[in-house]
Amino acid sequence: MKKLNRYDQWLVVILIVGSTLLYGSLSWLINAANSGQRIAIVSYKDQEVLRIDMSINDTYVVQGTLGEVYIEVQDQKIRVERETSPYNLCSIQGWVSSSMVPITCLPNHILIVIVAPQEGDTDFEVK
Amino acid sequence: MIEPVLPIPVPGVKLGLANILGLIALMLFGVKTMFAVNLSRVLIASLLRGILFGTGFWVSLSGVLISTTLVALLYKTNKFSLVGLSIAAAAFHNMGQIMMIIVIYSSIFMIYWMPPLIWLSIPTGLLTGSLALGALQRLRFQK
């Protein structure tokens with residue numbers, strides 16, 4: 001560390017502390033968003049087509065560009081069970097329970113995002 | 001262009017060896033040359049890889065513009081060593097890239113990647129800074 005002078009060391013400290021604080025804040029936000037009742041919003045070509053209550057275990061079907069997309073909810077987790085697409089990447093993605101992890105089915109233009117249902121209490125704006 | 005081939009234990013992370021050129025240009029010729037070198041390398045690398053004006057190009061360009069500008073400001077203070085500037089360049093480069101990704105994909109979720117990338121920029125900045133320092137010492141010795 002001989003190459004680092006006092007100012008360099010301060011820079012390193014600021015970077016570590018700043019990024020750790022950011023990481024901590026984001027993790028806290030995720031935990032807050034993941035607690036309590038949640039819903040999943042399913043959009044087709046940026047238009048909301050379905051709202052799913054994550055507390056009810058069930059299977060839903062929405063129409064995508066290449067065919068029907070089967071969505072399954074179980075134990076507060078959601079996944080695309082099966083769909084018609086070249087690589088089936090969104091069904092391979094598997095179960096998702098975090099509001100920070102959207103399920104994106106590009107060939108079918110389907111986007112699934114978990115959010116908190118309270119109005120005016122949105123942590124993030126999802127476009 | 002060689003960097004993606006190098007085995008790095010963390011997926012998607014690069015050492016930022018190209019930053020060495022910018023740092024050497026800064027130390028030998030000043031801020032303007034560093035801007036020219038850094039912008040040129042983004043343009044040339046994008047042309048060679050066939051991604052000019054593609055998503056990857058804009059992400060690289062934003063990283064380079066933000067890191068070069070902020071490193072130039074830090075350099076003007078005369079307080080930081082070459083290795084310190086290298087760490088700053090690596091960290092600001094990652095910040096710039098993440099900001100552009102957030103804009104392109106309209107997804108604030110991507111900010112979650114910023115802290116891990118900043119942590120990783122410290123060892124990678126130390127490495128590239130040390131390499132640039134070694135190269136400069138040899139260049140000056142040869143003069």
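This is a predicted model: local features need pLDDT of at least 70, side-chain atom pairs count only at pLDDT 80 or more; totals for chains, interfaces and linings use all residues.
Close-up 1. Where contacts in chain B link residues at least 6 apart in sequence, 67% of them join residues at least 24 apart.

**Close-up 2. The open, antiparallel sheet S3-S4-S5 of chain A.** Three strands make up this sheet in the order S3-S4-S5, and their pairing is antiparallel. Strand S3 (58-63) and strand S5 (77-82) of chain A stand at the edges and have a single partner strand each, so one side of each is left without a neighbour in the sheet. On average, and with direction ignored, neighbouring strands of this sheet are turned by 30° against each other. Strand S4 of chain A, which covers residues 68-74, pairs with S5(A) in the antiparallel sense over five bridges, and A:Tyr70 has A:Arg82 in S5(A) as its bridge partner.

**Close-up 3. The hairpin of S1(A) and S2(A).** Strand S1 (residues 39-44) and strand S2 (residues 47-53) of chain A pair in the antiparallel sense over six bridges, and A:Ser43 finds its bridge partner in A:Glu48 of S2(A). Two residues lie between the strands of this hairpin, and A:Lys45 in the turn has a positive phi of about 50°.

**Close-up 4. The pairing of S1(A) with S7(A).** Strand S7 of chain A, residues 110-115, runs antiparallel to S1(A) and is joined to it by six bridges. Within this pairing, the bridge partner of A:Val42 is A:Ile112 in S7(A).

Technical notes:
Residues are numbered from 1 along each chain as its sequence is written. Chains are lettered from A and ligands numbered from 1 in the order in which they are written. Two residues are in contact if their C-beta atoms, placed from the backbone, lie within 7 Å. Two strands pair if DSSP finds at least two bridges between them. Helices (H or I, at least four residues) and strands (E, at least two) are DSSP runs, numbered from the N terminus. Axes are lines fitted to C-alpha atoms, for helices over the stretch in contact, and angles run from 0 to 180 degrees between N-to-C directions.
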